[in-house]
Amino acid sequence: MKSLTNVNRRSFLKTGAAVGGGLLVGFQLPVRGQAQTAGPIKFNAFVKVGTDDTVTFEIHKSEMGQGTVTSLSQLLAEELECDWKKIRTEFPGVEPVYGAPMMGAYGSLSIRTSWQPLRQAGAAAREMLIQAAAQQWKVDKSQCRAENNTVVNTATNARLTYGALAEAAAKLPAPTGITLKTAAQYKVIGTSPKRLDTPAKVNGSIGFGLDVRRPGMLYASLERCPVFEGKVASFDATKAMAVPGVRKVVQISNGVAVIADNTWSAMEGRKALVIKWDEGKWANVSTPGLRQEWAGLAAKPGMSMRKAGDAAGAFAGAAKKVEAVYEAPYLSHAPMEPLNATVEVRPDGCDIWVSSQIQSLAQQTAAMVTGLPANKCLVHTQYLGGGFGRRGGADYVTEAVEIAKAMSPTPVKLTWTREDDLQHDTYRPASYVKFSGGLDAQGSPVSFSARVVCPPFGGNGTAVEGIQDMHYAIPNVAVEFTAPDTGTPVSYWRSVGYSQNTYFMEAFLDEMAAAAGADPVEFRRKLLAGTPRLLNVLNLVAEKSDWGKPLPAGRFRGVGVVANIGSFNAQVAEVSVTQGKVKVHRVVCAVDCGQVINPAIIEAQIQSGIVYGMSTVTKLGITLDKGRVVQKNFNNYDPIRIDEMPVVEVHIVPSRENPGGIGEASTPSIVPAVVNAVYAATKKRVRMLPIKAADLV
Amino acid sequence: MAAVKFTLNGKSQTVDVTPQMPLLWVLRDSLGMTGTKFGCGMALCGACAVHINGQPTRSCVTQVSTVAGKTVTTIEGLSSDNSHPVQKAWIEADVPQCGYCQSGQIMTAAALVAKTTNPSDSDIDEAMRGNLCRCGTYQAIRQAVHLAARYQAQAKGGAR
């Protein structure tokens, strides 16, 4: 399933814009004639209006904390002219109109692909409500205006509520040729209403995947081979079956599952399994061995990914030369909600209750495992307790469907433990990069070369993005890439290739600035004239962070910039280093993500991405020993905690450009901002993560 | 199997389960109270925090037999209408992102503001550092705990 997953995601990522266009057409599909049961009346794929005057929005982009429930509602509400307090939301099933065959929330694309179609869906429903009111009043609709869940007759001041108009309005044809509001007319877009899902998230009622309960449901825990791609040779379930509450033990393609009356019994039964594994060909893989192997690969030329001028020749003739090797480890996503799925398989259909980033893949894998048609496999999307790219895969759904198929028709919930999560992730790949850069006698860069060794996924671009597409004006550039052979599964991790390559790129550029004797901000400024939006956030962050001005004793600054997901981000970190221990005191971030939908959510996402990235600087790394992941739980994979949280200041560039992404905007550049500040503090370059205190003393 | 009797969110509760079963799974699977979350199973992340006799406790490593005769409060028992000072503050500061860790964060914060009337940032860091949040809501949590402490003081009728 891993290969299917990756192929599908790759092909989608290249055609994301086209699917956005599909939505545009799709929402206008007629719904007239459809039997209406009690409950809200459907206007189009995104809007329902109830006779009780509530408005229900279909949120087709999973909510994993990035704010889609609220921000997509803002796009709809802006044009619908509804009362914010009357909004309800629900997650729809998998349909072409919602982006199938790749319906999901990934690539920081939710706002970007929803920006046009959701405003149009809101506007279409509004026009139908206005038309219905005009018909009832027997006036021309130009005499009617929508505001706050009502249509107003501007001549008489008579009002009809949306609830009163819903039945008649929904029968009208969907209008065409609607003109959307101009930015100057926005009332909801660009504001920060309270998040719609907060009340249910502070009393425990919200409903994550792990909270699903079905009548007669059983609970499963799955033992997998500790070595990737290993298989079950044989197993003995006798002791497991003796554990109170255990009902059954079944072998599936990925291991041996224990099914019990409750989660704990399933986990206890699993501990009692006796399994002999065929560990396969990766059983001797270790992190030191991989590093050595990749260093050997980096010594040889790779596939050319970007070439301009003659980098080798310019480097040979350069007045000053900088060379460095950078490395980053595998990383786990570790969302707080362990992976899980609840599945019921019957002869006539299959139901999947899951917190998934890509519901289409959950549906496709259910269809493959059960042999049922995809439209008989219904995905019921739950709130996600974090995603970060991990829930874009469907490996855990495949497991759950296989188990439920074996237990059919009993519904079964599969729950991963934290150990399962860290040891059987689809990891952010490790990477090894050899850089060289040449400067002329005046300190201007004349050459830049990078040789990247990194396991790719979804195309080679994920291994080199952040270096291949760097924006610095350097005349001679060569970026090469070699894919190592490794059994460690890799996939999308918040900000993908930028997560390691922005660290590499921006830290090495700092080395070039130092060799030139230049200020790091000034050095970048001179090279970024061709990317004005990136230059602008660099200038803004320099201003807001008081770059160049004195700091309290013992504090030092570093800078990092990135252009990814259609947005531009620059950060300055203030750090101190005491006996090798790095403390980040303050982070100033400037972001240009185009038209702002919800500034509070943008600020929250910036903080979120900074915490996610910062954890990788001093704390997180996945290592391998004898083919096994060494890290087991939050004791040795320990993300930053509240006492390590810096003060974060966010400055958003006002813009009328189309919206960019935000969920992955700030994760890349925090890393070089911190390590460049560490250099300022210690004159030691951090060329491998995570930083160990011993490296700095 | 053995019957264990305790007070849960103000009501008497008897469960008939394996005595070693952690309270977390009794709450979630046996009683259907899913507000308390599973995050690590080793008392490392705080997602499963509940109050036992008023003390914030990791339910994932608390055998149900040990709560016999004690008073257990979960997120569902904090208030029926989001009126608890910490819940009000969490709403005001719009703290949650994904929200998964927030039951544990809120239970830990509720225990803090119940005993510390005006917590400093370092009091908050000390009390809350056992609660992981992968969405990085820490700055909002600090702000909300300060706010909750003020609401708590108001609720007690004590002006500060």
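User: How is helix H3 of chain A placed against the strands, and at what angle does it run to S3(A)?

Analyst: Helix H3 (residues 68-80) of chain A lies across strand S2 (47-49), S3 and S4 of chain A, and runs at about 125° to S3(A). Helices (H or I, at least four residues) and strands (E, at least two) are DSSP runs, numbered from the N terminus. Axes are lines fitted to C-alpha atoms, for helices over the stretch in contact, with angles from 0 to 180 degrees between N-to-C directions; contact means heavy atoms within 4.5 Å. This is a predicted model, in which local features need pLDDT of at least 70 and side-chain atom pairs count only at pLDDT 80 or more, while totals for chains, interfaces and linings use all residues. Residues are numbered from 1 along each chain as its sequence is written, chains are lettered from A and ligands numbered from 1 in the order in which they are written, and side-chain values use heavy atoms, with hydrogens and water left out.

User: In what order do the strands of the open sheet stand, and which are at the edges?

Analyst: Strands of a sheet pair through backbone hydrogen bonds, either parallel or antiparallel. Two strands count as paired if DSSP finds at least two bridges between them. Here the order is S1-S2-S3-S4 (chain A), with mixed pairing. Strand S1 (41-42) and strand S4 (87-90) of chain A are the edges; each has a single partner strand, so one side of each lacks a neighbour in the sheet. Strand S3 (residues 55-58) of chain A runs parallel to S4(A), joined by four bridges, and A:Val55 has A:Ile87 as its bridge partner in S4(A).

User: Why is strand S8 of chain A described as largely enclosed?

Analyst: Buried means under 20% relative accessible area, exposed over 50%, and partly exposed in between (1.4 Å probe, protein chains only). Five of the six residues of S8 (residues 218-223) of chain A are buried, so the rest of the structure largely encloses this strand. Three bridges link S8(A) to the parallel strand S18 (residues 412-415) of chain A, and five link S8(A) to the antiparallel strand S11 (residues 255-260) of chain A. A:Ala220 stands opposite A:Leu414 in S18(A) and has A:Ile259 as its bridge partner in S11(A).

User: Which polar contact does the side chain of A:Asn340 make with another side chain?

Analyst: A polar contact is a pair of N or O atoms within 3.5 Å; within protein, one must be able to donate a hydrogen and the other to accept it, and residues adjacent in sequence count only if both atoms are side-chain atoms. The side chain of A:Asn340 makes such a contact with the side chain of A:Glu337 (2.8 Å), and the A:Asn340 side chain also reaches the backbone nitrogen of A:Leu210 at 3.1 Å.
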